[in-house]
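This briefing is for a reader who is meeting the structure for the first time. Please look over the sequence and the model before reading on.

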Amino acid sequence: MNIGVFGDSFAFEMIHGSYPQANNESWMHIIRKSGYKVKSYAMGGTSTWFSYKLFLRFYHHYDQIVFCYSSPNRIPNMPEGLESFSNFHGSEHQLNNNEIFQRLPDHTRNELLTILKVQPMMLDTQLNSFLVQNIFNSVNQICKQNNKPIVNILPFENMDSMDYSARTGDVFVDLLTVSCQEWPGLHKLGIPDPRYCHLSLENNLVLSRLITKSLESRRRNIVDTVNCGDFIYNKKITKRYEEMAYERKG
Amino acid sequence: MFKLQVGVFGDSFADRVMNPIYMHEGRKDESWIQVLEDSGCNIESYGMGGTSAWFSYEKFLQMHKYFNAIIFVVSHFGRISCMPEEFARYSTCYDPSTLCKSSTFLSLDHEKQNQVLDLVKAANMMKNHTFDKFVVKHIYDDVNNICREKNIKLITLLPFETRNSMEKYNTRNLHGDCLFNLIPTVYKELDVTHSDSRYCHLSEENNKILGNLMFESLNSNKPPRLIDLSNDVNFVFHPSITERYEKMRTK
């Protein structure tokens, strides 16, 4: 089976450049090891619109789809090449230290600075939620029309925050809370997450099992990942990633 | 008698506030909205010139429940959807040099002028027609669906769409009459690029024709129609009408 994956950092197979030694622990890599072909078009920091554009372009190459919807607190239509900054709320200092920013040509940097200057004024959560809802409906409809099983992952949504009635496959909500419960202190460190897809290896394994089971069964359930009882919370696991982070922080 | 409570949403095609530079003593409201009011409808208009379809949709979501009929004017898809409400009337992607000459822009204080210029500059960089069309298409669908669910009469007016460009909308799912392609009439009557001395971009005569068509539509029980305003409606064109509005502009 050939799986196409679309989304943001929750479906991104690369880890932040500061952690170059880490093995690929992503749920996509785990699925691949169990015999599936998996291709991910995801990129960290991007919007749902970014993923939708790629989905429209490439979905027909795949038998099965995993679509990961981003937070509505992102700028949806960033210009080409700047999509991974949809969620950038950092300082100028952080921006200057950003590896992607450093590689940009001068005129593109200036373009980004112009957008970031007005980003707080332009951010319209209601518009973005409207987009996520309509993209969700469209993606599920297209998969149904083309007989492609789909798994919807909505890390930033809960059971009631959206209308999931157009779903044609399982819906997994609130993965962000799972990620935060696994490592509650990460945000205080102010450094990038060393975990692949914001989950430990153990929980990437859990997620990979949930996804493959869902694609095989073609169910249409709405699963609250926080209360489903599958994910593991263990201080030893968290410590492993904390050490990685402290090492980086020096 | 049952009275229609009509909520009007949209851009300059639904804005009955005339630019003060074209107001003169005795000039009355010539808009189609006034025509509907004169026909006995109670009207509340939330239309504002230069705004996007998203601005109108947000107002519609807040206010539609107070009305038993809605007229929803869909702005040109290329406008900036994410403009802060304070600056909503600048949602047309102006080139900054044109924007700087507009009277509404000049009335802002220096700090706000800079904010608008920064917003317009950023929005121009983010301009994406596929994205804009997606937003407008789903607004159109939602307005039809919400009015159907709540049994609210509906007219949608899409001045900027031609028969070909209407293809992006789901016109099989209409809840009320859908009027489109008004722009050829606007320009045939008076060739304006920036500033228009007419109410809702139409002469008094053509506002009357449009207003009467809308009144008839709101009071009809016939199945919803798709009406091409450039073909299916007999608007009037006469040099003396054009001259009347030209004169106001040159004054």
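The model is predicted. Chain B and chain A bury about 2200 Å² between them, and the contact takes 25 residues from chain B and 21 residues from chain A. Over all chains, the count of salt bridges comes to 22.

**Interface of chain B and chain A**

- Carbon and sulfur atoms give 76% of the area buried between chain B and chain A.
- On the side of chain B, the residues that lose the most area to chain A are Met126(B), Phe131(B) and Phe134(B), together 32% of what that side buries.
- One salt bridge is found across the interface: Lys117(A) pairs with Asp118(B), with the closest N and O atoms 2.9 Å apart.
- Four residue pairs are in polar contact between chain B and chain A, both residues being at pLDDT 80 or more.
- Three helices of chain B, namely H2 (53–63), H5 (110–125) and H6 (129–149), each supply at least two residues of the side that touches chain A.
- By class, that side of chain B has 16 nonpolar, five polar and four charged residues.

**Helix H9 of chain A**

- Helix H9 of chain A runs over residues 201–217, and its end C-alpha atoms are 24 Å apart, which agrees with the 24 Å that 17 residues should span at 1.5 Å a residue.
- Buried residues of H9(A) include Asn203(A), Val206(A), Leu207(A), Leu210(A), Ile211(A) and Ser214(A).
- The buried residues of H9(A) pack against strands E1 (2–6), E3 (64–68), E4 (150–154) and E5 (170–173), and against helices H1 (27–33) and H7 (175–182), of chain A.
- Arg218(A) follows H9(A) and has a positive phi, near 60°.

- Phe172(A) lies in strand E5 of chain A and counts as buried because its relative accessibility is 2%, under the 20% limit.
- Glu161(B) is placed in the loop between strand E4 (153–158) and strand E5 (177–180) of chain B, and at 4% relative accessibility Glu161(B) counts as buried.
- The side chain of Glu161(B) makes polar contacts with the side chain of Ser165(B) at 2.6 Å and with the side chain of Lys168(B) at 3.0 Å.
- Glu161(B) also touches other residues, including Phe77(B), Tyr169(B) and Phe180(B).

**Salt bridges within the chains**

- In chain A, a network of salt bridges links Glu182(A), Asp193(A) and Arg195(A).
- Asp193(A) and Arg195(A) form a salt bridge whose closest N and O atoms are 2.9 Å apart; Asp193(A) is buried at 12% relative accessibility, and Arg195(A) is buried at 3%.
- In chain B, Arg16(B) and Asp29(B) meet in a salt bridge at 3.0 Å, N to O. Both lie in the loop between strand E1 (5–9) and helix H1 (32–38), so the pair ties together parts that are 13 residues apart in sequence.
- Arg16(B) is partly exposed at 22%, as is Asp29(B) at 21%.
- Glu205(B) forms a salt bridge with Arg244(B), the closest N and O atoms being 2.5 Å apart. This pair links helix H8 (residues 204–218) and helix H9 (residues 239–250) of chain B, the two residues being 39 apart.
- Glu205(B) is partly exposed, with a relative accessible area of 27%, and Arg244(B) is partly exposed, with 30%.

Technical notes:
Residues numbered from 1 in each chain as written. Chains lettered and ligands numbered in written order. Predicted model: local features only at pLDDT ≥ 70, side-chain atom pairs only at ≥ 80, totals over all residues. Heavy atoms only, no water. Contact = heavy atoms within 4.5 Å. Buried area = accessible area lost by both parts, 1.4 Å probe. Salt bridge = Lys/Arg side-chain N within 4 Å of Asp/Glu carboxyl O. Polar contact = N/O pair within 3.5 Å; in protein donor to acceptor, adjacent residues only side chain to side chain. Helix = DSSP H or I, 4+ residues; strand = E, 2+ residues; numbered from the N terminus. Nonpolar A, V, L, I, M, F, W, Y, C, P; charged D, E, K, R; others polar. Expected span 1.5 Å × (residues − 1). Buried < 20%, exposed > 50% of the residue type's maximum accessible area, 1.4 Å probe, protein only. Lists of a residue's contacts leave out its neighbours within four places in sequence.
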